Amino acid sequence: MAANVETMFYVREKPWHGLGVKVMEAPTSKDALIVAGLDWKVEQKPIFTETNQLIPGYKANVRDIDNKTLGVVSDKYKVIQNDEAFAFTDALLGEGVRYETAGSLKGGKTVWMLARLPQEYIIGGEHICPYLVFSNTHDGSGAVKVAMTPIRVVCSNTLNLCLSTAKRSWSMIHTGDINQKLDEAKNTLFLAQNYMTELGKEFDSLNQKKITDKEIEEYIELLIPMKDNPTPLQEKNILKLREDLRARYYKAPDLKDLGHTAYRFINAVSDFATHSSPLRKNNNYQENVFAKTMNGNPMIDRAYKMLCTA
């Protein structure tokens with residue numbers, strides 16, 4: 001399947017890969033598990049050699065519905081089941097949380113969900129909706145990750161800036177007291193209001209900062225640098241990418257009334273970073289986009305730092 005998507009659902013609008021079960025309303029956690037194809041458990045089983053010798057210190061994470069091995073982990077690894085992940089989000093956000101999309105990647109090795117928080121913010125006269133993204137692995141390759149992802153409603157741009165004044169993400173490894181760590185995560189993520197408050201202040205600051213056309217060109221060249229001694233094709237491709245970003249700043253209908261400001265430019269960069277098509281699409285392209293939504297997009301962060309230090 002495209003983007004290594006195994007199972008998933010989506011609400012109303014088709015997601016990036018066009019796969020999954022379409023539902024007209026965001027389901028509750030109980031229904032989300034079923035429609036997302038995540039109503040299965042991970043069992044930990046001992047590992048033996050070909051001569052039936054027990055391999056100490058390790059276990060296999062096995063999916064119960066098809067006996068598929070998802071990964072080999074240490075015996076200190078604690079499984080967080082899919083229903084526990086949804087229950088955690090329910091507890092975090094309170095009753096009434098609705099899931100916009102959720103699913104399984106890489107044959108069940110990674111599961112994820114996106115939940116819209118009940119609040120909506122008006123920042124700089126625009127509607128900003130905060131979402132909670134939760135990602136978990138069952139193969140031992142990564143930590144449990146939870147992150148705030150504000151979305152600019154008018155164009156669906158992610159605006160998850162890496163602020164020095166407020167945290168937007170949290171992670172934990174699959175060892176130790178999992179319940180205690182979930183409680184710590186809950187306390188951390190309840191600072192979402194603080195993040196959104198600080199984000200609003202930063203947007204106001206960026207909206208007050210005027211930038212010239214010359215500065216725009218300098219920023220674009222820094223964000224999309226030309227290689228030393230490029231081939232004609234490489235030069236053509238870089239110029240094409242620069243023109244794409246330039247057009248998103250000058251011609252995007254949703255940005256035309258924002259004036260020549262740093263806020264307008266960061267939105268253009270966000271639009272480019274999250275929606276533009278790469279010159280070469282590999283099989284993991286959309287998974288990489290999702291990872292940047294969770295962890296932060298390097299290009300957006302670079303643009304933000306440039307604008308702050310200008």
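Predicted model: local features only at pLDDT ≥ 70, side-chain atom pairs only at ≥ 80, totals over all residues.

Me: Which residue in strand 4 is the bridge partner of Pro46?

Reply: Let's start with the two strands: strand 3 and strand 4 (residues 54-63) run antiparallel and are joined by six bridges. In strand 4, the partner of Pro46 is Lys59.

Me: Are helix 5 and helix 9 parallel or oblique to each other?

Reply: Look at the angle to begin with: helix 5 (residues 213-223) and helix 9 (residues 298-309) pack at about 140°, with their axes 11 Å apart. Tyr219, Leu222 and Leu223 of helix 5 make the contact with Met299, Arg302, Ala303, Met306 and Leu307 of helix 9. An angle over 145 degrees would count as roughly antiparallel. The two helices are therefore oblique.

Me: Is Asn136 buried or exposed?

Reply: You can find Asn136 in strand 9 (residues 126-137). Buried means under 20% relative accessible area. Asn136 has a value of 0%, so this residue is buried.

Me: Which residue has its backbone oxygen 3.1 Å from a polar atom of the side chain of Asn136?

Reply: Good follow-up, as Asn136 is buried. A polar atom of its side chain lies 3.1 Å from a backbone oxygen, and that oxygen belongs to Ile80.

How values were computed: Residues numbered from 1 in each chain as written. Heavy atoms only, no water. Helix = DSSP H or I, 4+ residues; strand = E, 2+ residues; numbered from the N terminus. Buried < 20%, exposed > 50% of the residue type's maximum accessible area, 1.4 Å probe, protein only. Polar contact = N/O pair within 3.5 Å; in protein donor to acceptor, adjacent residues only side chain to side chain. Pairing = 2+ DSSP bridges. Axes fitted to C-alpha atoms, helices over the stretch in contact; angles between N-to-C directions. Parallel < 35°, antiparallel > 145°, perpendicular 65-115°, else oblique. Contact = heavy atoms within 4.5 Å.
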